[in-house]
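Here's a quick briefing to read with the model open beside you.

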Amino acid sequence: MSKTNDCRVIQTQRDQWFIIGDANGIRTKFDYTTDQTDGWVTLEISGENTISALERICPINLHPDQFQIGHAARTAMEHMGCIILRTDTQTFHLFSASSSAESFLHAVETSIKNVT
């Protein structure tokens, strides 16, 4: 993952990048770009029980030694595809398809309720 003042760039697979933020300066560096702004929903989760809540639904090892600040990964939570980005010790941004936003939010909220 790379970060500038205006955006973050996450490589999701070979020759595929997920750009968050103002991508105008970066678009010229790629042969082809697709604006999917309306195709994604973002949740921010933070607090002392964050990792416990995410461990219930995320198969990635979120221990700070393994998944450090700035790390991102494409994965699944419950049965939905998502991208997880660690922005601080106890803060994560979760990106999922906007078409399943309600289900995704429900899965995250349920996990939070089960650890508090």
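A residue is called buried when its relative accessible area is under 20%, exposed when it is over 50%, and partly exposed in between. F95 has a relative accessible area of 3%, so it goes down as buried. Keep in mind that this is a predicted model.

**Overall layout**
- The protein chain has 3 helices and 7 strands, and along the sequence they come in the pattern β-β-β-α-β-α-β-β-β-α.
- A compact globule of 116 residues would have a radius of gyration near 13 Å, and the protein chain agrees with that at 15 Å.
- Along the principal axes, the C-alpha atoms of the protein chain fill a box of roughly 45 × 30 × 25 Å.
- Of the 116 residues in the protein chain, 33% are buried.
- Take the contacts between residues at least 6 apart in sequence: 45% of them join residues at least 24 apart.

**The sheet and its helix**
- Four strands make an open sheet with antiparallel pairing, in the order β4-β7-β6-β5.
- β4 and β5 are the edge strands, each pairing on one side only.
- On average, neighbouring strands in this sheet are turned by 30 degrees against each other, ignoring direction.
- Strands of a sheet pair through backbone hydrogen bonds, in a parallel or antiparallel way.
- β6 and β7 run antiparallel and are joined by 6 bridges.
- I84 sits opposite L94 in β7.
- Helix α3 lies across β4, β5, β6 and β7, and runs at about 10 degrees to β4.

- In soluble globular proteins, nonpolar side chains tend to be buried together.
- The largest nonpolar core here has 19 residues, and the ones touching the most other members are L54, M77, I84, F92, L94 and F104.
- At least two residues of this core come from each of β4, α2 (50-55), β5 (72-77), β6 (80-88), β7 and α3 (101-115).
- Apart from that core lies another one, of 5 residues, with I10, F18, I83 and F95 among them.
- Leaving out residues up to four places away in sequence, F92 touches L43, E44, I45, T50, I51, L54, L62, F67, I84, L85, R86 and T87.

**Aromatic pairs**
- How many aromatic pairs does a search of the whole structure find? It turns up 3 aromatic pairs.
- In one of them, the ring centres of F18 and W40 are 4.7 Å apart and the planes stand at 70 degrees; planes over 60 degrees apart count as edge-to-face, so that is what this pair is.
- This pair links distant parts of the chain, with F18 in strand β3 (residues 16-21) and W40 in strand β4 (residues 40-46), 22 residues apart.
- Is F18 buried or exposed? Its relative accessibility is 12%, so F18 counts as buried.
- W40, at 22% relative accessibility, counts as partly exposed.
- F18 also pairs edge-to-face with F95, at 5.3 Å centre to centre and 65 degrees between the planes.
- That pair, too, links distant parts of the chain: F18 belongs to β3 and F95 to β7 (residues 91-97), 77 residues apart.
- Put together, F18, W40 and F95 form one aromatic cluster.

Terms used
Residues are numbered from 1 along each chain as its sequence is written. This is a predicted model: local features need pLDDT of at least 70, side-chain atom pairs count only at pLDDT 80 or more; totals for chains, interfaces and linings use all residues. Side-chain values use heavy atoms; hydrogens and water are left out. Rings of Phe, Tyr and Trp (its six-membered ring) pair if their centres lie within 6.5 Å; planes under 30 degrees apart count as stacked, over 60 as edge-to-face and the rest as tilted. Buried means under 20% relative accessible area, exposed over 50%, partly exposed in between (1.4 Å probe, protein chains only). A nonpolar core is a set of buried Ala, Val, Leu, Ile, Met, Phe, Trp, Tyr and Cys residues joined through side-chain atoms within 4.5 Å. Contact means heavy atoms within 4.5 Å. Two strands pair if DSSP finds at least two bridges between them. Axes are lines fitted to C-alpha atoms, for helices over the stretch in contact, and angles run from 0 to 180 degrees between N-to-C directions. The radius of gyration is taken over C-alpha atoms; the globule rule is 2.2 Å times the number of residues to the power 0.38.
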